[in-house]
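Here is a briefing on one protein chain. Please look over the sequence and the model before reading on.

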Amino acid sequence: MAWALKLPLTDEVIESGLVQDFDASLSGIGQELGAGAYSMSDVLALPIFKQEESNLPPDSENKILPFQYVLCAATSPAVKLHDETLTYLNQGQSYEIRMLDNRKIGELPEITGKMVKSIIRVVFHDRRLQYTEHQQLEGWRWNRPGDRILDLDIPLSVGIIDPRSNPTQLNTVEFLWDPSKRTSVFIQVHCISTEFTMRKHGGEKGVPFRVQIDTFKENENGEYTEHLHSASCQIKVFKPKGADRKQKTDREKMEKRAPQEKEKYQPSYETTILTECSPWPEVTYVNNSPSPGFNSTHNSFSISEGNGSPSHQPEPVVPTADNLLPTATPQDAQQWLLRNRFSPFSRLFTNFSGADLLKLTREDVIQICGPADGIRLFNALKGRVVRPRLTIYVCQESQQSPDQSKHENGDAAAFFVYHAIYLEELTATELTEKIAQLFNISPRQINQIFKQGPTGIHVLVSDEMIQNFQDEVCFILDTMKDETSDGYHIILK
């Protein structure tokens with residue numbers, strides 16, 4: 001009997017404990033659920049609604065975010081309560097992203113008064129497209145030559161320093177900024193979501209993108225490599241004014257829904273707050289050079305025999321061409337594919353030797369790899385080089401020397417040693433860098449470059465003058481010491 005009387009008491013205790021636990025778990029929601037006090041942002045801030053939580057480090061729950069990024073574009077009202085927000089953007093329109101310092105007093109003192117570096121990317125939201133991102137972007141580059149996926153609207157931006165957009169990364173921009181000062185960056189997205197759909201019959205849904213911002217601080221060597229914070233949001237990009245029409249359509253659809261149905265959807269917010277996420281993984285082909293031809297390590301100038309192509313890479317120039325030989329084994333062929341940035345296709349060519357790859361026709365390679373990478377692989381297999389936009393030949397005045405041989409009339413033949421300079425950008429800055437390589441000096445030591453004009457006058461060389469140089473024109477270089485500094489003036493005769 002005693003045992004039978006204790007059982008209901010035990011159940012009552014358990015039930016009471018469960019109720020207390022349940023009340024405690026809902027204390028953050030239910031304490032102000034009166035009429036007019038309901039806050040959707042409070043509910044969305046709960047961990048169960050936090051986006052991309054599985055991608056965050058384990059200690060992220062208690063971590064205070066140092067920065068907050070706000071995209072000034074309205075979110076869609078047709079997104080369910082538990083889903084991530086979705087924002088519609090117009091192609092080519094400038095949108096503001098506010099870079100806010102969210103640190104408490106005394107937090108991260110090492111960046112106080114210093115710059116941080118932020119990298120903005122437009123990437124694919126779908127996992128399937130993320131796996132083939134490089135091929136997708138190369139295909140877009142092929143269809144839209146000269147265009148970029150992401151650009152900075154520098155005149156509208158405030159507080160950004162040293163903005164850069166790498167020509168090899170169409171979907172990435174970067175800049176420096178001071179967290180203690182007001183900073184707003186305006187971005188333009190030039191691709192639309194339907195450009196990456198599998199079937200294009202008209203009326204198809206476009207693929208979603210992500211705008212991701214990764215922020216870094218300086219390390220001991222002055223390089224911005226120490227990760228501070230990353231955040232992203234989901235977007236769709238429409239043709240001009242298409243985002244406004246889509247937003248209006250979503251709003252009208254929601255107005256027609258029953259009140260019970262509306263409660264299942266998020267309201268439309270005027271701005272989009274980027275939510276914390278994992279940093280974007282580093283890619284081996286990323287080029288962080290500030291300018292083409294920068295940081296070259298030539299110790300001396302040498303003339304290459306045959307069909308040499310000018311290097312337009314910031315890495316040291318490899319003196320010998322990396323051509324695939326017919327005698328290469330399958331292992332050698334795999335290494336060659338990796339060195340030449342064809343790693344996505346290495347598995348397809350696992351058993352191909354050098355001879356097998358060289359036997360492939362242009363059509364074969366395009367069919368296997370797609371148009372963009374296929375043409376690049378075919379050109380690499382055939383060892384094709386790109387002709388420079390402008391070639392000039394220069395001779396240092398000190399290298400002029402009379403030949404020891406005699407002409408039939410007994411006069412000494414003039415023999416001059418000329419070097420070839422290949423220009424791609426056709427700018428005075430590029431010419432300065434190439435001449436600095438020739439003299440084995442720093443480009444900063446060359447103050448001005450002049451061209452000797454009529455009656456011996458010295459005309460300052462500008463970008464426009466270089467663009468009007470004839471191809472394969474010859475010059476004799478004369479140097480003149482600058483009396484006011486340690487630099488030199490170069491005269492093209």
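The points below go from the whole chain to single residues.

This is a predicted model. The chain has 493 residues, and 38% of them are buried. Its secondary structure comprises 13 helices and 20 strands. Mean pLDDT is 76.

**Confidence**

- A pLDDT of 70 or more is reached by 73% of the residues.
- Residues 24-61 have pLDDT below 50. Beyond near neighbours in sequence, the model gives this stretch 36 contacts.
- Residues 401-408 also stay under 50 in pLDDT. Here the model has 11 contacts beyond four places in sequence.
- Where pLDDT is low, predicted coordinates should not be read in detail.

**Whole chain**

- Take the contacts with a separation of 6 or more: 69% of them join residues 24 or more positions apart.

**The cavity**

- How many cavities of 30 Å³ or more does the structure hold? There is one.
- The largest cavity has a volume of about 50 Å³.
- Its lining consists of Val122, Val123, Phe124, Glu133, Leu137, Ile149, Asn171, Cys191, Phe196 and Phe209.
- Two elements give two or more residues each to this lining: β4 (116-124) and α5 (133-143).
- β4 provides the largest share, three residues.

- Helix α11 spans residues 371-381. Its buried residues are Ala372, Asp373, Gly374, Ile375, Leu377, Phe378 and Leu381.
- An α-helix has 3.6 residues a turn, so residues three or four places apart point the same way.
- What covers the buried residues of α11? The cover includes α5, α8 (330-339), α9 and α10.
- Gly383 follows α11. The phi of Gly383 is positive, near 70 degrees.

**Thr361, between α9 and α10**

- Thr361 is in the loop that joins α9 (354-358) to α10 (362-369).
- Thr361 is partly exposed, because its relative accessible area is 34% and that class runs between 20% and 50%.
- The side chain of Thr361 makes a polar contact with the side chain of Asp364, at 2.9 Å.
- Thr361 and Phe378 are 17 residues apart in sequence. Their C-alpha atoms are 7.8 Å apart in space.
- Phe378 is one of the buried residues of α11.

**Two non-glycine residues with positive phi**

- Lys241 is not a glycine, yet has a positive phi of about 70 degrees. Lys241 is in the loop between β10 (224-238) and α6 (242-255).
- Is Lys241 buried or exposed? Lys241 counts as exposed because its relative accessibility is 59%, and the cut-off for exposed is over 50%.
- Leu426 is not a glycine either, and has a positive phi of about 55 degrees. Leu426 lies in the loop between β16 (419-423) and α12 (428-439).
- Leu426 counts as buried because its relative accessibility is 9%, and buried means under 20%.

- Thr112 lies in the loop between β3 (95-101) and β4.
- With a relative accessible area of 52%, Thr112 is exposed.
- Thr112 and Pro179 are 67 residues apart in sequence. From C-alpha to C-alpha they are 7.9 Å apart.

- Gly487 lies in the loop between β19 (473-481) and β20 (488-492).
- Gly487 is buried, with a relative accessible area of 3%.
- Which residues does Gly487 contact, leaving aside its neighbours within four places in sequence? They are Gln445, Asn447, Lys481 and Asp482.
- Gly487 and Gln448 are 39 residues apart along the chain. Their C-alpha atoms are separated by 9.0 Å.

Conventions
Residues numbered from 1 in each chain as written. Predicted model: local features only at pLDDT ≥ 70, side-chain atom pairs only at ≥ 80, totals over all residues. Heavy atoms only, no water. pLDDT = per-residue confidence, 0-100. Contact = heavy atoms within 4.5 Å. Helix = DSSP H or I, 4+ residues; strand = E, 2+ residues; numbered from the N terminus. Buried < 20%, exposed > 50% of the residue type's maximum accessible area, 1.4 Å probe, protein only. Polar contact = N/O pair within 3.5 Å; in protein donor to acceptor, adjacent residues only side chain to side chain. 1 Å grid on protein atoms, 1.4 Å probe; cavity = no way out; pocket = protein on both sides within 12 Å on 5 of 7 lines; lining within 4 Å. Points joined across faces, edges and corners; volume = space filled by probe spheres on them.
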